[in-house]
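Subject: Structure handover

Hi,

Here is the structure I promised to pass on. Have a look at it first, and my notes on what I found follow below.

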Amino acid sequence: MSRYEIRFSGSGGQGLILAGVIFAEAATIYDRKNAVQSQSYGPEARGGASKSEVILSDKTIDFPKATAIDLQLSLTQEACTKYYKDVKESGTLLVDEDFVTDVPQGNFKVIRLPIIRTASEEIGKAFVANIVALGAITAITQQVSIDSVEKAVLSRVPKGTEDLNKKALMAGYNLAKARMS
Amino acid sequence: MSFDYDQYIRGGKLPHIWCPGCTYGIVFKSLLRAVDSLKIPKDDVALVSGIGCASRLPGYVDFNTLHTTHGRALPFATGLKMARPDKKVMVVSGDGDATAIGGNHFIHACRRNIDITVLVFNNFIYGMTGGQYSPTTPSGHLATTMPYGNIDPSFNIPDLAKGAGASWVGRGTAYHAAALDKLIVEAIQHKGLSVLEIINACPTTHGRRNKFKSPTDMLLWMKDTALPVTAFDKLPPEKTAGKFPTGVLFKREAPEYCETYYGLVERLKSPKEGRA
Amino acid sequence: MGKLKLLQGNEACAEGALYAGCTFFAGYPITPSTEVAEFMARSLPKIGGAFLQMEDEIAAMAAIIGGSLAGAKSLTATSGPGFSLKQENIGFAALTEVPCVVVNVMRGGPSTGVPTGPGQSDIMQCKWGTHGDHPVICLTPAYVQEIFSETVRAFNLAEKYRTPVIIAFDEIVGHMREKIEIPDKGVLPVEDRPKPACKPSEYLPYDDSKGDVPPMANFFEGYRYHVTGLNHGPDGFPVNASPRIHTDELRLMRKVEANRKEIIRYEDYMTDDAEVVVFAYGVSGRSGKTAVEAARADGIKAGLFRPLTIWPFPEEEVASIASRVKGIVVPELSLGQIIFEVDRCAKGRCRVEGIYRVDGDPITPSQILAKIKEVK
């Protein structure tokens, strides 16, 4: 595997930095790959456009930021519009189908999934949208095993929410699998 | 039998830098008598200061002594005390050092109520730099940077300390040296942050410019204007105008910072209560 | 095999401090360094160490000097404006020779600047920030694992040479997460300050007759002595208008200058046959490495010199590179600071070209590659 770049983007407070951290932890600690997770953020703890990036590689990762993105997730229109330009040719743009309605055109594949709706309606808690997204990304990228991601999720989420998060992860995973098949 | 000051004074470090007529020497001796009466081993005492005439005092005394940067004695002392809560940490400061450049440290040390004894030598002026006005210079007094008379309102140091949360506040004067011994003893014995304001005189840069004909006049001013707080409190306001109360002005029971912190450390040792 | 963890640079810094035996932290909240304080706030009470959030940055610096004098290995962490505020007391620690470690997670500046973005524009402040002549050791790690090990080294250097040591890394490196291995105790060396062997009555805290680093007694251990920010004699008491001031300040400088070989560390990557060398530290060094690999793939003989010790500056190493290459490319997240040092050492023997960027994003490998091609 050479360099593989993933960007989680959305609005501050959606838990996308945590999603990136969990993905990187799954890759490094459980799958024993190399990964770097970084983020860029503004002064707002809530709102604004925020992004978290994970770079995977079988070699040492020196430059730590994404410049040619293999997969970008965007949960808000603002983040999608602001960041989609770094998605590389033949890369994938994964958007929330309810919240990103004006999907940009380009030489990349677009996948629309009801991520936030799945979290709020199927799981019953909108705040697990980041974990639903994580499941979908695991399925789409096939870079890290779903078992490792599940272990990483369980090690990072608050006690008492394990089942909820496990359900959210699998819901996202299955949602993407179904869409891709 | 006369008191043996030499047991506390570092060999070869005198004479001190203070001017003839300065009252710091009186307070210096009072401090040594007070510490001696408490029988605290010299190895267990740290005396910390900032910058200014008063801040030179630690250099003369055979304790662990630390002469720091202007206004910062309290945070240095806080570091010493937090690392060695079993030891006695004292701070010597001046009015400018404690309440101007070090004002923020002063109020926060009071708020934490860490067990440090703070002696504020208030001589109403920046002496070492030659007589600039300080936050305690009385209204109308002349200073090199108030050549037309001081227009700045001034701090009342005990009020400031009390308002900021100090759990023991007192005031003494260099004139009332015997009473000062007792106040310093009580300040040291108090568990928590104690602030003792000590009224001092700077004939060279303050008195000379402000109608005090001699250092003696400044001591007599202390004698005439200081009233024990018990008497002060009984008098109607018209009788206390221009006077100031001395003695223990305020004290309260309050949790001491190091005890609270190291209490937490103890609690964390028990896995039941410890949280990750 | 130690423990594997996915950690932020800032967290790895705190882990490194604990590994080195740090038991005292004082700080003040400031972005982007706060995670160091937060980590220490969680960890120190559990091991009986002291954590203090002080009223300001000045107080935090003062408190760690107090903590160190009382025998605790001490750390503070800050950024930009806070680093400016600490300068006076950094000078105090240098002159009074109190070991301590100051972390500066660099953000954009001047003034409030870009608190959440990376910067490398404090690098001259690390050297010249406090007034007067004084020794400076400043380390510039670029990888999370390196932040851990260089923090351990920072404590060792601080203790060994009795001087404040600064660790400067940018926001990107401070906030990024990478897998690191925390080695078992004893794997990395841990040094403690030299202690006096003499009787307390014979102790001279600043005696320069037996070496440049006098043994250090902690407060409350029977060696009652005086510490002052005034220039002082061997006994610690102030001296005024004395030749001692000159010789003692020379000694302070010599503690670092005479030990360059031990203190200076760097990564030298393919510079042997290089025609163009990238000189860069921190996140710019990481970009530089990727750029050099890309250049080599294009058949260009490029190399990377990445200092882990920026102060004292690796003068001899840069001079040697300058004498054998066509050019040195210096990318930095500033408007040009460390390039002056490179230029000073190159002494006109090769081209020295800067790449500067202060918009909150790192310099990309393609920016550096373009410059390598231009210089070659």
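Let me start with the contact between B and C: 31 residues of chain B are in contact with 34 residues of chain C (two residues are in contact if their C-beta atoms, placed from the backbone, lie within 7 Å). On the chain B side, the elements that give two or more residues are strand 2 (64-67), helix 2 (73-83), helix 4 (103-112) and helix 11 (257-269). Helices (H or I, at least four residues) and strands (E, at least two) are DSSP runs, numbered from the N terminus. Helix 2 of chain B gives the most to this side, with eight residues. By class, the chain B side has 12 nonpolar, 11 polar and eight charged residues; here Ala, Val, Leu, Ile, Met, Phe, Trp, Tyr, Cys and Pro count as nonpolar, Asp, Glu, Lys and Arg as charged, and the others, Gly among them, as polar.

Before I go on, the housekeeping. This is a predicted model, in which local features need pLDDT of at least 70 and side-chain atom pairs count only at pLDDT 80 or more, while totals for chains, interfaces and linings use all residues. Residues are numbered from 1 along each chain as its sequence is written, and chains are lettered from A and ligands numbered from 1 in the order in which they are written.

Back to B and C. Strand 2 of chain B pairs with strand 10 of chain C in the parallel sense, over three bridges (two strands pair if DSSP finds at least two bridges between them). In that pairing, B:His67 stands opposite C:Thr228. Both strands belong to an open sheet of nine strands with mixed pairing, in the order 9(B)-10(B)-7(B)-8(B)-4(B)-3(B)-1(B)-2(B)-10(C). Strand 9 (226-228) of chain B and strand 10 (226-228) of chain C stand at the edges with a single partner strand each, so one side of each is left without a neighbour in the sheet. Neighbouring strands of this sheet are turned by 20° against each other on average, direction ignored; axes are lines fitted to C-alpha atoms, for helices over the stretch in contact, and angles run from 0 to 180 degrees between N-to-C directions. Within chain B, strand 4 (residues 116-122) and strand 8 (residues 194-199) are parallel and share six bridges, with B:Val120 opposite B:Glu197.

Two pairs of chains touch, and the pair with the most contacts is B and C. Chains A and B are not joined by any contact, and their closest C-alpha atoms lie 12 Å apart.

Now for A and C. Here 17 residues of chain C are in contact with 17 residues of chain A. Strand 1 (3-8), helix 7 (171-175), strand 9 (177-182) and helix 10 (282-297) of chain C are the elements that give two or more residues to the chain C side. Helix 10 of chain C gives the most, with five residues. The residues of the chain C side divide into seven nonpolar, five polar and five charged.

Eight strands form an open sheet with mixed pairing, in the order 6(A)-5(A)-4(A)-1(A)-3(A)-2(A)-9(C)-1(C). Its edge strands, each pairing on one side only, are strand 6 (109-113) of chain A and strand 1 of chain C. Where the chains meet, strand 2 (residues 34-40) of chain A and strand 9 of chain C are antiparallel over two bridges, and the bridge partner of A:Val36 is C:Glu178.

Lastly, a helix pair in chain A: helix 3 (residues 115-123) and helix 6 (residues 162-180) pack at an angle of about 130°, with their axes 10 Å apart. Residues from both helices meet there, including A:Ile115 and A:Ala119 in helix 3 of chain A and A:Leu164 and A:Ala168 in helix 6 of chain A.

Best wishes
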